[in-house]
Amino acid sequence: MDFKKIERKWQKRWEEEKIFEVKESAKKKKFYVLDMFPYPSGAGLHIGHAFVFSLGDIFARFKRMQGHNVLYPIGYDSLGLPAENAAIEAGTHPEEYTKKSIANFMKQQKAMGWSYDWSRAVKTSNPEFYRWDQWIFLKMLEKGLAYRKKAPVNWCRKCDTVLANEQVIDGKCWRHEDTEVEIKNLEQWFLKITDYAEELLEGLDKLDWPDNAKKRQRNWIGKSYGTDIYFEIDGSDKVLPTYTTRCDTIFSVTFLAIAPESPLVNELVEGTDWEKDVKEFAQKLAKESLADRINEEKEKVGIFTGRYAVNPVNGERVPIYVANFALTYGSGVVMCDAHDKRDFRFARKYDIPLKFVISKDGKEIDANREDDAFVDDGILFNSGEFSGMKNREALPKMADWIEKKKWGKKTVNYKLRDWLISRQRYWGTPIPIIYCDKCGVVPIPEKDLPVKLPKDVKFGKGNPLKTNDKFVHVKCPKCKSDARRETDTMDTFANSSWYFLRYADPRNDKKIFDEKKANYWAPIDQYIGGPEHITGHLIYFRFYTKFLRDLGLLKFDEPALRYFTQGIVHGADGEKMSKSRGNVIEPLEMIKKFGADTLRLALVSFAGPDKDSSWDEKIVVGNHKFLKKVYEYFDGWKPGKTEAIVESKLNKTVKEVTDYIQNFKHNLAAIKLRNLFNSFVDGAIDKKSAETFLKLLHVYCPFVTEELWEKMGNKPFVSLADWPKFDGKKINEKFDKIDAAVDKTISDVLNILKIVNGEKIYVYVLPNELENYDAEVLGKRVGKEVRVFAVNDAKKYDPLGKSAKVKPGRPAIYVE
């Protein structure tokens, strides 16, 4: 089998005849399959790409053969910091680097046999694409969803830019896992995703997504019911709002903690003797990793501000501290008491008095004599009119009381923060804003879009766009005075938040997309991607979809109805693939060695596609041998009669494989296909049976099946053939039992051979089961000479009387 020749032939045929290009049609039901589009790195495809995009292609081919009008497009997430950094390192321009990388990617993608509609390919670095990023931004500005403010932001010193909260993983940069994220106060652009928090939460209920993905999004959005309680600053009219879900402990509060990034810190200490020490300490705390700050086991540190607040419910003065455990969630001010372990330990460290207001039986306990916080539920004491009540029963009543007294108000809070989209780097979508001393913040008129990235910039320290004077210094669109252009670019997650809609109408230069086309193809019916995107991209593109719906462009609420999270393919050593470990598997090398069909089949044979797996070349070799056998069988195939047992197995395999593909259980489907092939490889099958097998195998191995389909005299292409249907009447469960018994016998023989050396195998069966055990087939599968006898055969060879142990469905075995 010359797989290289076969692959080249069918790549060319598919491309020439454009068989995967689609148009809107009222005659077929549409089905939109999409893989998350890749960032085109200079290194080209890695094995993770080969795996995940093969999953998408399998599903697209499956649905196409089931008669759907399948949209399966591809594009390139080609803007972003990695391309900029790689280009700088290579001494070239990001634009040139990206063009070469995309060309390389396309070549490799075609080598894998993925059935994309290439006519719809998009590149986010194309001004005709990012023009519409800018258009969406302007529409959000119009609606009050895009705004600029000075705020504490995450800063990666290696990226030399800010990061969104979703790009900070365990306190470190998502791209530089060894770099701690710092906090800076900067003027930045934000998108008001929080306006959609409740809808983002509720929408999860109607999505066919993995439970873990929905759970993680719910936790990220973080809805909670609580109370804002107002603490007046002693000696001032200023009020500090604190959000809590536990107002039942309000009588226990003995200090407040403020996040070090909060602007309130400067207000509290400005002009006081505490100013210098507090500001220095706050800056030091702000550099700590988020992971350390939220980890309860890590040491909590802080500094007294010299100021006090007044607890509204009892008039007690409580000290205000800047503390590393306080985050900019809600107001960034935390009320602290003895019923929280973290608060308790902090108070002990800084000699802050403590008091309990809950105990198991309602009897008073002195917190200052205890070693740790009391965190259980119980009965309230020293809590005014609520003393003697169970704390959980009192909680809603205390919230009502606080609100009635105007000491606070009941509120719903979300952990979700507005999306920080400003980036101080070059290779991104320019933010379409001009700053004018007379007119203020001025949006670029839509007719002047796109604002294109200038090619002439200098890379080094800071934002490269600031080095191009012609780009920066412009006239104000309103008053024509001298003005300056915004030099920040957008987070590249903005590009990927709507790209799936551009595939519906990728060449439209008049509007973002034709609404009829977008509403025909979208939403995505099957989306495939990695778990790392659950609390980033997968939230952002849900937000964008809802916004574009509110503009009247879309008739649906959610971008992807069904989502599959693939596992990760690790190196043969079980570790994450990396050049430093020397365990990287290059897809092209595997294709050169074994062929694309072998690689595709092997990738789904390692484990369930949703599970992590390790590269195993033995499985690759095994799949290669299997495909060679398939090719040899069908290359010399002559039609014959399909035996009843094979026909039963064929129909059952159609039923099972159809279900397995629909539910991404490809490893199980691959086993069934091998078993089916083994059932007829030593005999004959009719043309319909042969075609059915090739159709089932096709979604995994498109090249070899196209070749064999043609050799059988069929019109091309098997890619466009109808998916087989099973006939339940032809499925005989009796044959399954026979198969299982034979498989068990073979397994038993192989296990005996591990213990006993022998060249001849004797199998003894009941007379009515003799026809189920073919000596030649058994011999081929165990690699030894096999003879089969009925127990009542007078001429049988049975020197040890093994035949006496035979039971129904359980042959006896003798090895000599």
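**Exercise 1.** Determine how helix H1 and helix H23 are oriented to each other, and list the contact residues.

Solution. In this predicted model, helix H1 (residues 3-17) packs against helix H23 (residues 702-711) with an angle of about 85 degrees and axes 9 Å apart. Angles of 65 to 115 degrees count as roughly perpendicular, so H1 and H23 are roughly perpendicular to each other. On the H1 side, the contact is formed by Ile-6, Glu-7, Lys-9, Trp-10, Gln-11, Arg-13 and Trp-14. H23 contributes Pro-702, Phe-703, Val-704, Glu-706, Glu-707 and Glu-710. Sorted by class, the contact has six nonpolar, one polar and six charged residues.

**Exercise 2.** Characterise the second largest pocket by volume, lining and contributing helices.

Solution. The volume of this pocket is about 940 Å³. Its lining comprises 34 residues, of which Ile-645, Val-646, Asn-678, Ser-679 and Asp-739 are the closest to the centre. At least two lining residues come from each of helix H20 (644-662), helix H21 (666-680), helix H24 (733-755) and helix H25 (775-782). The class count for the lining is 13 nonpolar, six polar and 15 charged residues.

**Exercise 3.** State how many cavities of 30 Å³ or more the structure holds, and describe the largest cavity.

Solution. There are three cavities of 30 Å³ or more. The largest has a volume of about 180 Å³. Among its 18 lining residues, Gly-80, Leu-81, Arg-423, Asp-491 and Thr-492 are the closest to its centre. Helix H3 (81-90), strand E6 (161-163) and strand E25 (489-490) are the elements giving two or more residues to this lining. By class, the lining of the largest cavity divides into seven nonpolar, six polar and five charged residues.

Key: Residues numbered from 1 in each chain as written. Predicted model: local features only at pLDDT ≥ 70, side-chain atom pairs only at ≥ 80, totals over all residues. Heavy atoms only, no water. 1 Å grid on protein atoms, 1.4 Å probe; cavity = no way out; pocket = protein on both sides within 12 Å on 5 of 7 lines; lining within 4 Å. Points joined across faces, edges and corners; volume = space filled by probe spheres on them. Helix = DSSP H or I, 4+ residues; strand = E, 2+ residues; numbered from the N terminus. Nonpolar A, V, L, I, M, F, W, Y, C, P; charged D, E, K, R; others polar. Axes fitted to C-alpha atoms, helices over the stretch in contact; angles between N-to-C directions. Parallel < 35°, antiparallel > 145°, perpendicular 65-115°, else oblique. Contact = heavy atoms within 4.5 Å.
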